[in-house]
Amino acid sequence: MKKDVIIVGGGCIGLMSAYCLQKSGRSVTVIEKNDITNGTSFGNAGLLSAFKKAPFSTPGAITETLKLMLKGESPLSIHPTLDLHLLKWLLKFAASATEARLKKTLALFERYGQVSLDMYQSMVEDDGIDFHFRKDGLLMIYTEQASFDAKAAHCTDPKAYEILSKEKTKEYMPILNDKAIGSILLKENGHIDSGEMMLALKKYLEEKGVEFLLNEEVKRLEFEGSKVSKIRTSKDVYEAETFVLSTGWDDTLAKQAKNKFLMTPAKGYSLTYKMDKELMPKTSALFADLFIAMTPRRETIRMTAKLELATKNPAIVKKQIDSMNANLAQYTNDFERRDVIEWSGFRPLTPNDIPILGFDENYNNLVHATGLGWLGITFAPSIGKIISDVITVDKKNETNVDILLFSSFFQG
């Protein structure tokens, strides 16, 4: 029997698209090649960081990264490669790191970040979905005086910022040593437990009738005229009115539909562990000069860092884990980590922080939803709403204001 909407990919974007489409009255099937606990969304830090935090593509990003490389503290490593696609990506990244692009991106982030925060709140209060949702700010910890002073000079709104001394910062992050300069609390941000959210949302969706086909990989799209006629998986063949590709960094299926998106897999790492309760961060924190995030969860800490380009090797590289721990250790006192779980995964990264959203340019029943980088959890609810709206209300990209504003189809 022909299905209504098939979503390929069970990450946070796929699940939130299913949530919004189900709310709008559509019948939804989610097909995921693994268990939903295998993906990047499940290993995410859980930051909800749309407010007042600079995106990846920002003026000075390249020079600051080079400085950290010289100090041996850089979060970025690029493997030797002759990949022309990555070269184009890097050139586009450099061209996008301008003040004009930054201003526009920050405005878009706040618009869709607020939508996401409101939707997360509604999921907790109205739907009863519990995933450790907290709106207690993001602590930006600085280890370089110059970058701290530069940021603090712009933090004039007391509703949005609180500038904290070294001593006050240690109250939020008890493991810090005296090398930390200070911090700025970005009050409008928050965090969740991404793993809890994924599992709780899947359970909720199943109870609402959403069908999940797990451990089933979509191998091929088949076309008939201007439509996707069916998809072939490792187990079966399916037809649907509408297909949504939410496959993260893997653009294999998108390429079958004649797309060449300027997106690259960006490998990141996380460590999840238990530590003494009195030493845990009081809220989510980001070491601004090191690109290390630490998020408190119910019983554990999730620490994320590193950005590797020009690799598709999923293996956990011990050198990267050691580097994460060594960089953190420079600015913290020794503390015990218990039951450590190491993880690595790939983020779908566009060169200008703008995602790939909306109907395909060649096939009118194919919709794309990817390219959020490490901001998938931050924007997942708003992206789900955009995807639902463009499918159920607008039925084309050109009449959907959010697609016009926040999709790389229109914001190149």
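Does W249 count as buried, partly exposed or exposed, and what is its relative accessibility? At 25% relative accessibility, W249 counts as partly exposed, where buried means under 20% relative accessible area, exposed means over 50% and partly exposed lies in between (1.4 Å probe, protein chains only). The model is predicted, so local features need pLDDT of at least 70 and side-chain atom pairs count only at pLDDT 80 or more, while totals for chains, interfaces and linings use all residues. Residues are numbered from 1 along each chain as its sequence is written, and side-chain values use heavy atoms, with hydrogens and water left out.

**Overall form**

- The chain holds eleven helices and 20 strands; these are DSSP runs numbered from the N terminus, with helices (H or I) of at least four residues and strands (E) of at least two.
- Along the principal axes, the C-alpha atoms fill a box of roughly 65 × 45 × 40 Å.

**Packing and surface**

- Of the 412 residues, 56% count as buried.
- Among contacts (heavy atoms within 4.5 Å) with a separation of 6 or more, 75% come from residues 24 or more positions apart.
- The accessible surface comes to about 17,400 Å², and carbon and sulfur atoms make up 52% of that surface; accessible areas come from the Shrake-Rupley method with a 1.4 Å probe.

**Aromatic pairs**

- The structure holds 17 aromatic pairs; rings of Phe, Tyr and Trp (its six-membered ring) pair if their centres lie within 6.5 Å, and planes under 30 degrees apart count as stacked, over 60 as edge-to-face and the rest as tilted.
- One of the pairs is formed by W249 and F346, which are tilted, at 5.1 Å centre to centre with 45° between the planes.
- This pair links distant parts of the chain, 97 residues apart: W249 lies in the loop between β13 (240-245) and α8 (252-256), and F346 in strand β18 (residues 338-349).
- F346 counts as buried, at 7% relative accessibility.
- The rings of F379 and F406 form an edge-to-face pair, because their centres are 5.6 Å apart and their planes stand at 70°.
- F379 belongs to helix α10 (residues 376-394) and F406 to helix α11 (residues 401-406), 27 residues apart.
- F379 is buried at 0% relative accessibility, and F406 is buried with a relative accessible area of 0%.
- F56, W89, F93, F291 and W374 make up one aromatic cluster.
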